Amino acid sequence: NNKAHLTPAYIKLGWFYQFDGQFDKARELYEKAINLSRQLKDKQNEALALRKLAVWHIDKNNYDQALELLTKSAAINLEYPGNFENIKNLACDYFDIGLVFMNKDDYEAAKNFYGKSLKIFEKLKLSNELSDCYFNLGEIYFFQKQYQMALDYYFKGLRLDQQHNNKVNLTSGYNMIGELYLEIDDLGKAENY
């Protein structure tokens, strides 16, 4: 009956259900977390639950709903500029807003929000999140057929992942670079990566 710990438990369980493809159960848990955090006046977990529900909406291609939830989450996180978790969560909000705009093919807005996210992750020295920013910026430049810029960002992300032995990101990074080389008909490098 520890309500303070129940909210983050709902959020984490929702995340597991979402990864398992049980979207209705995930949404139900996120909504429970939002309601309980509001009842407890727990702004940090409210913002986190709003962002997780926004990612749920991104997975469902409901970009307007996702953007609305991410805007609310970001507003909460901006209220606590001295708290590490809120600053980190703000960077994640900006990253996910960038993802929404990227999915809506608004590449300039996506670059803007990825850039905001990148600055915060750099300041906090969060290398895994930072490499994700580099890769997503690379993807935008890839979509815009600015291949050298895309490669520059891909390799920045790849170097970070190599330094930190982030094997999950390494595989997707090599794959992205390989796809770019395939796109420009450099089949040898494509096969290598």
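The count of salt bridges comes to 10. A salt bridge here is a side-chain nitrogen of Lys or Arg within 4 Å of a carboxyl oxygen of Asp or Glu. Side chains of opposite charge can pair when their charged atoms come close. The model is predicted: local features need pLDDT of at least 70, side-chain atom pairs count only at pLDDT 80 or more, and totals for chains, interfaces and linings use all residues. Residues are numbered from 1 along each chain as its sequence is written, and side-chain values use heavy atoms, leaving out hydrogens and water.

Start with arginine 27. Arginine 27 pairs with glutamate 31, and their closest N and O atoms are 2.9 Å apart. Both sit in helix 2 (residues 23-40), 4 residues apart, about one turn of the helix. Helices are DSSP runs (H or I, at least four residues), numbered from the N terminus. An α-helix has 3.6 residues a turn, so residues three or four places apart point the same way.

Next comes aspartate 64. Aspartate 64 forms a salt bridge with lysine 104, with closest N and O atoms 2.9 Å apart. Aspartate 64 lies in helix 4 (residues 63-78) and lysine 104 in the loop between helix 5 and helix 6 (107-124), so the pair ties together parts that are 40 residues apart in sequence. Aspartate 64 is exposed, at 53% relative accessibility. Lysine 104 is partly exposed, at 37%. The cut-offs are under 20% relative accessible area for buried, over 50% for exposed, and in between for partly exposed (1.4 Å probe, protein chains only).

The largest nonpolar core has 60 residues. Such a core is a set of buried Ala, Val, Leu, Ile, Met, Phe, Trp, Tyr and Cys residues joined through side-chain atoms within 4.5 Å. Tyr114, Phe121, Tyr154 and Leu180 have the most contacts inside this core. Leaving aside neighbours within four places in sequence, phenylalanine 121 is in contact (heavy atoms within 4.5 Å) with residues including Cys92 and Cys133.

A disulfide needs a pair of cysteine sulfur atoms within 2.5 Å. The disulfide count is 0.

Finish at helix 9 (residues 167-183). Its buried residues include Leu170, Met176 and Leu180. The buried residues of helix 9 pack against helix 7 (127-143), helix 8 (147-163) and helix 10 (187-192). Just after helix 9, aspartate 185 takes a positive phi of about 65 degrees.

Conventions. Helix = DSSP H or I, 4+ residues; strand = E, 2+ residues; numbered from the N terminus. Expected span 1.5 Å × (residues − 1).
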